[in-house]
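Me: I would like to learn how to read some local features of a model. Can we go through them one at a time?

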Amino acid sequence: MICRKTAVPVTKITISTSKKLYFTLNTRGMHQYFDIVSTLVAIILGLTMVCISNSTAEAQSTDQQMRYAVQGDSVYIYHIRSIQPGQGFNIYRKDEGESGFTKLNDAPIRGITYAAELPSVLGLDIYNQIQRNIDAESEKDMFFTLRSNSVAGRLYTFVYPEVAQALGRLYIDSTVEVGERVTYKIEFVNDLGEPQGDPIIQEFNINRYIPEPPENLTVKNEGYSVTVKWEYPKMGADDDKVIRFNLYRQYPETEQVELINDDIIIRRSNISSYQERFQTEELGREMRYFISAIDITGQPGPPSEKVTHYIKDDIPPSVVSPVNAEYIDNKIEITWPVSPETDLEGYYVYKSQDIRQGYKKLNSVPVAPLETIFRDSSITEGNRYFYKITAVDNAGNESPKSAAAMRHIADSEAPVTPSDLELSVTDDKRIRLDWNLSPRAEDLSRFIVLRSRLGTDNSESYTQLTGRGFIQNTFEDVGEADQGFAEGAFYRYGIVAADSSRNFSDTTFAKIQVPDLTPPQKPSFVRADNDDGIRVNVSWNNTGSGDAVGYIAYRQPLDSSVTKIKELPISENSFRHEKVTIGKKYRYGISVVDSVGNESEPAFSDTVLVRDYDPPRSVRNVTVNSTESNEDGYRINWEPVVAQDLMGYKVYYSNISTGVYKPVTDNTIDETSFKDSNGEVGRWYRVVAVDVSGNESKPSNPVKAE
C-alpha cells in the first residue's frame with residue numbers, strides 16, 4: 001500500500017488563561033458545525049493522509065486518519081475518530097513481507113466510561129489546565145467536550161497522551177522495531193466487541209524523530225512583562241511529530257529550572273516565528289531562559305541555547321500627589337505625602353515661574369524617602385512660583401512630575417507709566433504704536449494695549465488688544481476684527497504696564513486719524529424728470545459712505561460737454577433746475593464729496609427732453625392754387641403762426657374732406673408755402689403748426705384743389 005501525505009496550512013491556535021477558545025473549545029451545539037470542525041481537525045494534524053492500497057479490495061476512505069510517534073522502544077499509534085463510551089478498537093500490524101495482519105491487543109481498547117474518572121486518569125495538573133482552558137463548569141462538561149467531535153478533544157489527543165488514552169485513541173506498541181516498514185489496521189468495535197464501521201489502514205516507515213532545538217532565542221522585558229521570541233521550522237510534508245513548546249527559566253545561583261508556561265504553547269504549521277509573554281515578580285536580576293520542542297508523546301527534544309537576560313527595572317514610581325506650597329518666614333515650604341514605592345530612593349523638587357514650562361531641578365541629591373518637605377528661600381516679592389515633585393527609585397527611574405503647587409509673593413508697587421507713545425499708519429494700512437518704559441521693573445509681566453474708535457460725540461469704549469506675556473515696546477494693530485480701519489475715522493489708544501502681582505500703571509493715551517484716500521461711494525441711481533418744459537426735477541438715492549459731507553450736480557446737453565451746475569449738502573438728495581431750453585435734451589450727474597475733499601465719479605441719469613404740452617394755435621387762411629402748368633401740381637399757402645417755440649409746419653392731404661389725412665412729407669416745413677408736385681384736382685389739404693416739443697396744433701380747415 002502506498003501512502004501520500006499532503007501538507008495542509010495551519011491557522012493560528014492559541015490556548016491561554018486570558019483568551020479562551022470559546023468558539024472552538026466550548027462545543028455545546030457544535031454538531032451543527034461538523035464541516036468547520038472537520039477542517040480544523042485537519043489543521044491541527046498539520047497534514048492530510050491519503051492511503052492508496054495495491055489491491056482495490058483494500059481501498060480505504062480518505063477521511064480516516066492515523067498518526068504515530070516513537071518514544072524509547074515503543075511506538076505510539078493514534079487515531080482521531082470519535083467513539084462513544086463503551087465502544088473501542090482492536091489494532092493489527094502487518095510487517096513488511098508478511099501476507100496477513102497480526103492482532104496486537106487481547107481485549108478491545110476502550111476509553112474511560114464515566115466523567116468522574118477524568119481527574120485520576122489525566123492527573124490533577126493536566127485536568128485543571130484543560131478545565132481552565134475550555135472553561136468547563138464540571139467533569140461532565142469537560143468529558144462531553146473532549147468526547148464530542150470537537151477541536152478541543154482532537155487537539156488534546158496529541159498534546160497529552162493521557163487524554164488520548166482516556167478517549168480511547170491511543171495504543172502503545174512495544175513489539176515493533178524502529179526502522180521497520182509496517183502497516184497498522186485499526187478496527188472499531190461496539191460494546192459487545194463486534195466490528196462496526198470502516199477500519200483505518202495506514203502504512204508507516206517507523207522512524208525515530210528527535211525534535212530539533214528551537215533557535216534564535218531572544219528575551220526582553222518592559223517592567224514586569226517579559227517577552228521571549230524564538231524560531232522553529234514550519235511543518236513540512238514530513239511529519240516531525242512536534243506539537244508544542246515548553247518555556248523554562250533557570251536561576252544562575254542554584255541552577256534550579258522551572259517551567260514558565262502554565263498553558264500549552266501550540267506549534268503552528270504555517271509560521272516559523274513564535275513569542276510568549278509572561279509576568280515576572282523579580283526585577284533587577286539575571287535569569288536564564290531556554291525552550292524545548294515537545295512531540296505528540298509528551299517527549300521533550302534538546303533544549304535551545306540558554307539566553308541570560310538581566311531583568312531591568314524600568315518602571316517609574318507612581319506620581320506624587322497632592323503637593324502643597326506655603327509662604328512661611330520668608331521661604332516657600334513645599335510638602336507632599338510619602339510615596340508607597342518599596343524601592344524608593346527619594347524625591348526631586350522642580351521650580352518654575354510659568355506653570356506650563358521652564359521647570360528646573362532644585363536638588364541634585366534626592367530628598368530622603370520619609371523627609372517630605374523642602375524649603376525654597378530663592379524668592380522675590382511680586383513673583384509667582386510653581387513647584388512640582390517627582391519620585392525616583394533605586395534603579396534611577398523617575399516618576400512623571402506631579403501637578404503644580406503655586407505660591408504668589410505679594411507686591412503692591414505698580415510699574416512706572418509708559419511714556420512717549422507715538423502712533424503712525426504703516427504702508428500696509430496698520431496702526432503702529434511705539435512707547436518707552438523707564439525704568440523697566442524686573443517683575444514686569446505685560447503691556448496692555450487699548451483701542452477706542454471715537455464717535456461724533458467723542459464717546460469712548462475700549463477694546464483690549466494684547467494678552468498675557470506681551471512685553472514688547474511696539475505693537476501693530478491690524479484693525480477692528482482684523483478687517484482694517486475706517487478711513488477718516490479717529491482712534492484713541494492707551495498703554496498700561498502690569499507686573500506679576502497684578503499691579504497696573506497709569507494709562508498713557510494718544511489719538512490718530514486714519515487717512516482717507518478712497519473717494520466716497522456714488523449714488524446707485526439718478527433720475528431727471530421734465531416739468532412741463534419749465535424746469536427739470538433731479539433726484540438720487542443716498543450714498544453708502546459714512547464720511548460723505550455733500551453732493552455736486554452736473555449737467556450735460558446732448559450735444560455739448562459736462563458742466564458743474566450746483567453743490568448741495570449731504571442732507572439733500574433732490575433739486576430743480578430751471579435754466580433749461582424747451583426742445584433740448586440733457587443728462588444730469590451727481591457726485592459725492594467726503595470730509596477730506598475726495599469726490600466720487602458722478603452717477604448720470606438717463607437723457608431727459610425738455611418740453612411742454614401746449615400746442616400752437618391753428619393755422620389760418622389756407623389756400624390751394626394751381627401752378628402755371630397743372631401738370632406741376634398745386635401750391636398750398638397759409639398765414640404764419642406767431643409762437644416763440646414754433647419749429648415749423650406740416651401739410652396733410654386726403655381724397656375726401658372728411659377722410660383720413662396723410663402727411664405730404666415727413667419733415668417739417670419752415671416756410672408758409674409748400675408745393676405738392678403730386679397734387680391733383682379734387683385733393684383736400686390741411687396744415688398744422690408744430691412746436692419744438694413736438695406738439696401739433698389743431699388742423700386748419702380743409703381746402704380743395706380745383
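**Reading the features**

Reply: Start with a strand residue: Asn-216 lies in strand S11 (residues 215-222). Helices (H or I, at least four residues) and strands (E, at least two) are DSSP runs, numbered from the N terminus. The model is predicted, so local features need pLDDT of at least 70, side-chain atom pairs count only at pLDDT 80 or more, and totals for chains, interfaces and linings use all residues. Residues are numbered from 1 along each chain as its sequence is written, and side-chain values use heavy atoms, with hydrogens and water left out.

Me: What is the phi of Asn-216 near?

Reply: Phi is near 55 degrees, a positive value in a residue other than glycine. Asn-216 counts as exposed, at 51% relative accessibility. Buried means under 20% relative accessible area, exposed over 50%, partly exposed in between (1.4 Å probe, protein chains only). Glu-255 also has a positive phi, near 65 degrees. Its place is the loop between strand S13 (242-250) and strand S14 (257-259). At 43% relative accessibility, Glu-255 counts as partly exposed.

Me: Is Ser-399 buried or exposed?

Reply: Ser-399 is buried, with a relative accessible area of 5%. It sits in the loop between strand S24 (384-393) and strand S25 (405-408). Contact means heavy atoms within 4.5 Å. Leaving aside neighbours within four places in sequence, Ser-399 contacts Pro-316, Pro-317, Ser-318, Val-319, Thr-390 and Ala-391.

Me: How do I describe two packed helices?

Reply: Use the angle between their axes and the distance between the axes. Axes are lines fitted to C-alpha atoms, for helices over the stretch in contact, and angles run from 0 to 180 degrees between N-to-C directions. Here helix H4 (residues 124-134) packs on helix H5 (residues 139-147) at about 80 degrees, with axes 11 Å apart. H4 is therefore roughly perpendicular to H5, a term for angles of 65 to 115 degrees. H4 contributes Tyr-127, Ile-130, Gln-131 and Ile-134 to the contact; H5 contributes Glu-139, Met-142, Thr-145 and Leu-146.

Me: What is the strand order in the open sheet of 4 strands?

Reply: Strands pair if DSSP finds at least two bridges between them. The order is S44-S43-S46-S47, with antiparallel pairing. Strand S44 (662-663) and strand S47 (703-704) stand at the edges, each with a single partner strand, so one side of each lacks a neighbour in the sheet. Strand S43 (residues 646-654) and strand S46 (residues 684-691) are joined by 8 bridges.

Me: Which residue of S46 is the bridge partner of Tyr-652?

Reply: It is Arg-686.

Terms used: Parallel < 35°, antiparallel > 145°, perpendicular 65-115°, else oblique.
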